[in-house]
Amino acid sequence: MQRSGLAALLAACAAQCATSRAAAAVLSEDPIEDTSTEAGVVARSFTFALLGDPLDAPGGIALFDLRIYAARKTPRWALVVHDQLTTTVRSADVLGIGAVGRSVAPPRWLPLQHDVEDGATFAIRHQVDWLYARASFGPMTMTAGRQPVTFGRARTWRPYDLIGTFALTEVDTEYKPGADAVRVDWTPDERVVVTVVAATGELEDDGDLAASRRGTAAVARIKRAIGRGEIGALAGWVRGDAVAGVDGATGIAGVDLYAEATITRTTGDSLPSPVVAAGDVVAKAAAGASYRPTGDITAGIELLHNGFGATDRADYIAVALSPRAGIGEQVFAGRWYAAAFADWQAHPLVHVAGAAIVNAVDGSALASVGVSYELAANARASLGGFVPLGADDAEFGALPTLLYAQLTAVL
């Protein structure tokens, strides 16, 4: 039923349990001058086994990913390059599920990607994922090139993450796909930060150096620290949408509270949506709380109102196939969700993570658990699984059970 893209949500959730932080190989460093040169290779392998409906037989997906990186940083400027090669092998049994692996990148302008496919079960993708330069001029910093751009405070959902976000098919949330953008950060004083980002490209990266209005976004955000918290506001033009938002975070009695919300007015240039018409005003909001009862355990809850989601389960497939889902902007098909998560550092070398996501419209849920083990200072192994719950015509109930294994090494 929801084979087109929603099953790939399992892989996106798996990444959050399996991600490891790469330790850069520092070729040279001068702490006094605050300069460094780094280079290295991050090797990752991902294996997924999918069981049960909607599969007629068990299926599998294997990915091997090499990321070669180099960076030169000084107090005044920086140059960063990350080159990535991903090999994907799928069994014929999972072809109807859709792509589980690398996500669809945000609209891009620079022709820095090449794909090779051998039938439907084997594919290789080479891309320059990050390539940017940064320069600082007093309280102002400018960054230009293919760069990760992240806004938002929420953990599970980020209505603020408008330039580019992780799509359903992303298996690695450590490295966010870069957008071709120019960014300016201005700090007029230590409590205020103003950020302006302009990104351009086209929805189909065919290497012709073209850009389109539907692939272009310009966003400005201001953040201000107030007391023990922080507030912010955002406004911009995002792929045909006029968007404004507010956000905030604070801590009360050991509990971290956060929220972000956006109002979007669609236009005739907006990406189409099966549940929204041109000229509609659409709200998206996420709010959550996290608490650390001990130094080793973190737990939290989060709520989402997704104005671009469907209230009728019959519309789920259309939402999953829409262009907004194709670029990762639309992650879930429903309208209201709740999530709970917990992280436990069971041992200095062992980390356990669990989560549950509930679709409040149809009552379906997705439960997960993952365990990671530090094999060495530069290597980590992870195992986990996801169990869908709910009726066959519900968002999560129609998904297969997924088991995964990941191995990451920094060379």
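A residue is called buried when its relative accessible area is under 20%, exposed when that area is over 50%, and partly exposed in between, with a 1.4 Å probe and only protein chains considered. By this scale Arg-239 is buried, because its relative accessibility is 5%. The structure is a predicted model, in which local features need a pLDDT of at least 70 and side-chain atom pairs count only at pLDDT 80 or more, whereas totals for chains, interfaces and linings use all residues. Residues are numbered from 1 along each chain as its sequence is written, and side-chain values use heavy atoms, with hydrogens and water left out.

The protein contains three helices and 20 strands, where helices (H or I, at least four residues) and strands (E, at least two) are DSSP runs numbered from the N terminus. Of its 411 residues, 45% are buried. A contact is defined by heavy atoms within 4.5 Å, and among contacts between residues at least 6 apart in sequence, 59% join residues at least 24 apart. The accessible area, computed by the Shrake-Rupley method with a 1.4 Å probe and, for residues, with only the protein chains shown counted as cover, comes to about 18,000 Å² for the protein, and carbon and sulfur atoms supply 62% of it.

Confidence in the model is expressed as pLDDT, the predictor's confidence in each residue on a scale from 0 to 100. The mean pLDDT is 85, and 85% of the residues reach 70 or more. Residues 1-9 stay under 50, although the model has 37 contacts beyond four places in sequence for them, and residues 14-22 also stay under 50, with 28 such contacts. Where pLDDT is low, the predicted coordinates should not be read in detail.

Side chains of opposite charge can pair when their charged atoms come close. A salt bridge is taken as a side-chain nitrogen of Lys or Arg within 4 Å of a carboxyl oxygen of Asp or Glu, and the structure holds 17 of them. One of these joins the side chains of Arg-44 and Asp-65, at 2.4 Å from N to O. Because Arg-44 lies in strand β2 (residues 35-51) and Asp-65 in strand β3 (residues 59-73), this pair ties together parts that are 21 residues apart in sequence. Arg-44 is buried, with a relative accessible area of 1%, and Asp-65 is buried at 2%. Another salt bridge, of 2.8 Å from N to O, is found between the side chains of Arg-313 and Asp-393. Arg-313 is in the loop between β15 (297-306) and α2 (316-320) and Asp-393 in the loop between β19 (379-389) and β20 (401-410), so the pair ties together parts that are 80 residues apart in sequence. Arg-313 is partly exposed, at 27% relative accessibility, and Asp-393 is partly exposed, at 36%.

Arg-146, located in strand β7 (residues 140-147), is buried because its relative accessibility is 0%, and its side chain makes a polar contact of 2.8 Å with that of Asp-180. Beyond its neighbours within four places in sequence, Arg-146 is in contact with several residues, including Leu-110, Trp-130, Tyr-132 and Gly-178. Arg-125, in strand β6 (residues 122-137), is partly exposed at 24% relative accessibility, and its side chain is joined to that of Asp-115 by a polar contact of 2.8 Å.

Most residues other than glycine have a negative phi. Arg-239, however, has a positive phi near 50 degrees and is found in the loop between β11 (229-238) and β12 (241-252). Ala-253 likewise has a positive phi near 50 degrees, and Ala-253 lies in the loop between β12 and β13 (255-265), where it is exposed, with a relative accessible area of 69%.

Methods. Polar contact = N/O pair within 3.5 Å; in protein donor to acceptor, adjacent residues only side chain to side chain.
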